[in-house]
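Reader: I would like a close look at one part of this model, taken slowly and with the terms spelled out.

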Amino acid sequence: MPNYLFFTLLECNHIDKMLNNWERLAKVIQYLGFNVNSFAKEIGLTRAERLYQIKRGNYAISKNLASTIVKRFPDINEAWLITGEGNMLKEANNFQKIPLFNISLEDFNTNWNEMPVAHELEIPILAGSDFAIVNEGEAMSPEIEHASVVFLKEVDVPSVIFGEIYLVVSEHIKVIRIVRGMDENHWKLVARNSSLYDDIILEKSSIKAVYKVKGVLSMVTI
């Protein structure tokens, strides 16, 4: 019988040393898959200037701002936001389970909450994910191997960060790729295994949904 090794590929979910106000706020923004402007809009701020003032070191994270963030994103630890003590995420037993859909991308529905759930995963370090799917193919190998579980969070198009990995759903394709900018109206979707997979030029107007890859759970025989 083979043994199995499980590992995760994560962006910012480890336990840090003490971070300053902006570093904590920036970590939350990245973890949730936004940029500064889209995050400000998401928590109900009319302008992002309040957040940029924290970046400049002019203000600390106030109790009011921390409460506003936690009200919208209850997995975030309010005490950590204000003081930097403890962990960014609340205790594991407060997290919702992550639905795993055991389907191909061809069958993926952007109304993902209507799809049948194969399993529910309880992984606190990936609790910011909306759902998980099983990857097929080698286009993103070695970062995302065939049959690995990919954890995803829906983001809006303006918050996409070029050079990072997303599941992109358009009128004609559903692929996990590195997103790069081309011009105002087009993206270039690039496979990690570029010797075997061509770049995809995509019209932004055709995009139906975008999901940021938050982590990958792989199973390797040893």
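Which residues does F39 touch, not counting residues up to four places away in sequence?

Author: This is a predicted model, in which local features need pLDDT of at least 70 and side-chain atom pairs count only at pLDDT 80 or more, while totals for chains, interfaces and linings use all residues. Residues are numbered from 1 along each chain as its sequence is written, and side-chain values use heavy atoms, with hydrogens and water left out.

With residues up to four places away in sequence set aside, F39 touches L25, V28, I29, L32, F34, L51, I69 and F73, where contact means heavy atoms within 4.5 Å. F39 is also among the residues with the most contacts inside the largest nonpolar core, a group of 28 residues in which L25, V28, L51, I69, I76 and L81 are listed alongside it. A nonpolar core is here a set of buried Ala, Val, Leu, Ile, Met, Phe, Trp, Tyr and Cys residues joined through side-chain atoms within 4.5 Å, and buried means under 20% relative accessible area, with exposed over 50% and partly exposed in between (1.4 Å probe, protein chains only). At least two residues of this core come from each of α1 (21-32), α2 (36-42), α3 (49-55), α4 (63-72) and α5 (78-83), the helices being DSSP runs of H or I with at least four residues, and strands runs of E with at least two, numbered from the N terminus. Within the core, α1 provides the largest share, 6 residues. Another core, of 20 residues, lies apart from it and includes I133, I176, I178 and Y211.
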